[in-house]
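Good morning, and thank you for joining this meeting. Please look at the structure on the screen, and I shall then describe the surroundings of its ligand.

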Amino acid sequence: MNYESLLELVKKRRSIRCFKPDPVPDEYIEKIIDAARWAPSGFNMQPWEFAVVKKPKLKEEIVKLIGEGFLQFKEMETTREPWQGALWKLNIMNKKGMDFTKAPVYIILLGDPRTNAGLPMGIRFDPNLCQSVYRDSLASAFLYMHLAATTLGLASQWVSAIKLPFVHCMVKDLLGIPNSMEIHDMMALGYPAIRPSRKFLRNTEKMVHYDKCDKDDFRTDEEVRDFVKRSRSWTIGVLSRSPD
Ligand SMILES: Cc1cc2nc3c(=O)[nH]c(=O)nc-3n(C[C@H](O)[C@H](O)[C@H](O)COP(=O)(O)O)c2cc1C
């Protein structure tokens, strides 16, 4: 393993939101989960569990719940500030095929907050710190899952709408996940039916700061707004793209 092969992997990992219906071998799912369990976690508390959903009926139910939960979220976008630019129409259930609904597998990453009892007292009893350590641990595992999927030639997508309170509760109930567990995020997984477009990436200018920082080395409010607007517009474009 060297830096070049790592960089190749991190560049290759992209959100691909258009899937072929072909099934994913169970062995690949196991490999993805195996990679995730090696992720770093605060105090090695490994607060994760994995719910793998392949049954079409259950997947359909999840899609339906996400669709319902998403309506409010979408409506809220109409209250955006004018400087943010175009309205994010957010057609996550795009019938053209650019969507997660056709992915043959969903892997739901669950968090077990009971493991927070193992964190040092100064973290455990500070709600913000505790949440941050717990969430960062789950985020690390989730990223490992995406990286592992990439190495297997699979497409993966974050489906964070699973965390909307309504969807969270209903999906847990649907799958029989105990209330002591929390849903961290959902990965839609399958073979790619699309090639990712060129990434809109910040360059390192005004990103890296050595030793004592000078205020002028950081982006101005104007620059940040400009970036936010352009990145938002890029993301909207990516989300509304039709399959190749
Ligand atoms: C915390 C987090 C939540 C995300 N949620 C979603 C999501 O709900 N739906 C989605 O399609 N992409 C989601 N993404 C993917 C980002 O949109 C994507 O990473 C970003 O646009 C950069 O594109 P790339 O993944 O192709 O590099 C999420 C990414 C992160 C890190």
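I begin with arginine 14: an N or O atom of its side chain is 2.7 Å from an oxygen atom of the ligand, which is a polar contact, that is, a pair of N or O atoms within 3.5 Å. This is a predicted model, in which local features need pLDDT of at least 70, side-chain atom pairs count only at pLDDT 80 or more, and totals for chains, interfaces and linings use all residues. Residues are numbered from 1 along each chain as its sequence is written, and side-chain values use heavy atoms, with hydrogens and water left out.

The side chain of arginine 13 also has an N or O atom 2.9 Å from a ligand oxygen. For glutamine 157, a polar side-chain atom lies 2.9 Å from an oxygen atom of the ligand.

Which residues surround the ligand? They are Arg13, Arg14, Ser15, Arg17, Gln157, Trp158, Val159, Ser160, Lys199, Trp234 and Leu239, where a residue is near if one of its heavy atoms lies within 4 Å. By class, this shell has 4 nonpolar, 3 polar and 4 charged residues; Ala, Val, Leu, Ile, Met, Phe, Trp, Tyr, Cys and Pro count as nonpolar, Asp, Glu, Lys and Arg as charged, and the others, Gly among them, as polar.

Let me finish with salt bridges. The structure holds 12 of them, each a side-chain nitrogen of Lys or Arg within 4 Å of a carboxyl oxygen of Asp or Glu.

Key
A polar contact is a pair of N or O atoms within 3.5 Å; within protein, one must be able to donate a hydrogen and the other to accept it, and residues adjacent in sequence count only if both atoms are side-chain atoms.
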